[in-house]
Amino acid sequence: MRFAVSTVVLALALPAATASAATLLVYGDSLSAAYGLPQEQGWVHLLAQRLHAQGFDYKVANASLSGETTDGGRNRIEAALKTHRPALVIVELGANDGLRGARLDTLRRNLEAIVDACRRANARVLLVGIRMPPNYGANYTEKFQGVFGDVARSRKVPLVPSLLDGFSANRELFQADGIHPTAAAQPVMLDTVWKGLRPLLKRP
């Protein structure tokens, strides 16, 4: 999701990560770029801390952009893969497409192209979806949500249905814009992602 456009490309490796540690790339929008928060409070930084605490030898790179759409993500995925050479990619894109009422076939094709690029680079993928607010209409929101499941099935990748599961109706866990989660919501987001990510992680 968006409203201010900023670039967040951070290496979040913690001391336990060795020089030969595999890279985990988070490839998303402002929901993963810790919009409106210090970077150390965002769920991606918390992920790096959890990996370290649990003995997983991964470097975490965050190539998320505030305001990013799946069009933009598709255009820059090859460069991101070349730069970071990840073993694992968390793809969290689509929220801005939904906010703009983007065509669902375009959303699907872009997500499929991003997943395909990751797999060509020998990176495993975890797809993270998003649910749109009900004011976008039941027909659009249901079909929008279904795109993520369709892509996960067609590309045979694991899916986290929505990054905001567990608190999307709790107004207190969103910033003043009503869109971006607060610092208090970030651990909940991490737990949601972790459920899908944990089976993909490899011990040293």
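Where is the kink in helix H2 centred? Select residues 70–84 and look at Arg76: H2 bends there by about 50°. That bend is the angle between axes fitted to the seven residues ending at a residue and the seven starting there. Helices (H or I, at least four residues) and strands (E, at least two) are DSSP runs, numbered from the N terminus.

Before you click on, some housekeeping: this is a predicted model, with local features needing pLDDT of at least 70 and side-chain atom pairs counting only at pLDDT 80 or more, while totals for chains, interfaces and linings use all residues. Residues are numbered from 1 along each chain as its sequence is written, and side-chain values use heavy atoms, with hydrogens and water left out.

**Stay on H2.** Colour its buried residues (under 20% relative accessible area, 1.4 Å probe, protein chains only): Thr70, Gly72, Gly73, Arg76, Ile77, Ala80, Leu81 and His84. Step off the end of H2 and you land on Arg85, which has a positive phi, near 45°.

**Next, strand E4.** Select residues 88–92; five of the five are buried. Show the side chains: Leu88, Ile90 and Glu92 point one way, Val89 and Val91 the other. In a regular strand, side chains alternate between the two faces of the sheet.

E2 (residues 22–28) runs parallel to E4, joined by five bridges, and Val26 sits opposite Ile90. E5 pairs with E4 in the parallel sense over four bridges, with Arg124 of E5 opposite Leu88.

**Then the core.** A nonpolar core is a set of buried Ala, Val, Leu, Ile, Met, Phe, Trp, Tyr and Cys residues joined through side-chain atoms within 4.5 Å. The largest one here has 60 residues, and Leu24 and Ile90 are among those with the most contacts inside it. Helix H4 (residues 104–120) gives the most to this core, with seven residues. Centre on Leu24: contacts (heavy atoms within 4.5 Å) beyond four places in sequence include Leu47, Leu51, Leu88, Ile90, Leu197 and Leu201.

**Last stop, Met132.** Find Met132 in the loop between E5 (124–128) and helix H5 (138–155). Is Met132 buried or exposed? Buried, with a relative accessible area of 7%. Leaving aside neighbours within four places in sequence, Met132 contacts Ala95, Gly98, Leu99, Thr141 and Phe144. Draw a C-alpha to C-alpha distance to Leu99: 7.7 Å, for residues 33 apart in sequence.

Terms used:
Buried < 20%, exposed > 50% of the residue type's maximum accessible area, 1.4 Å probe, protein only. Pairing = 2+ DSSP bridges.
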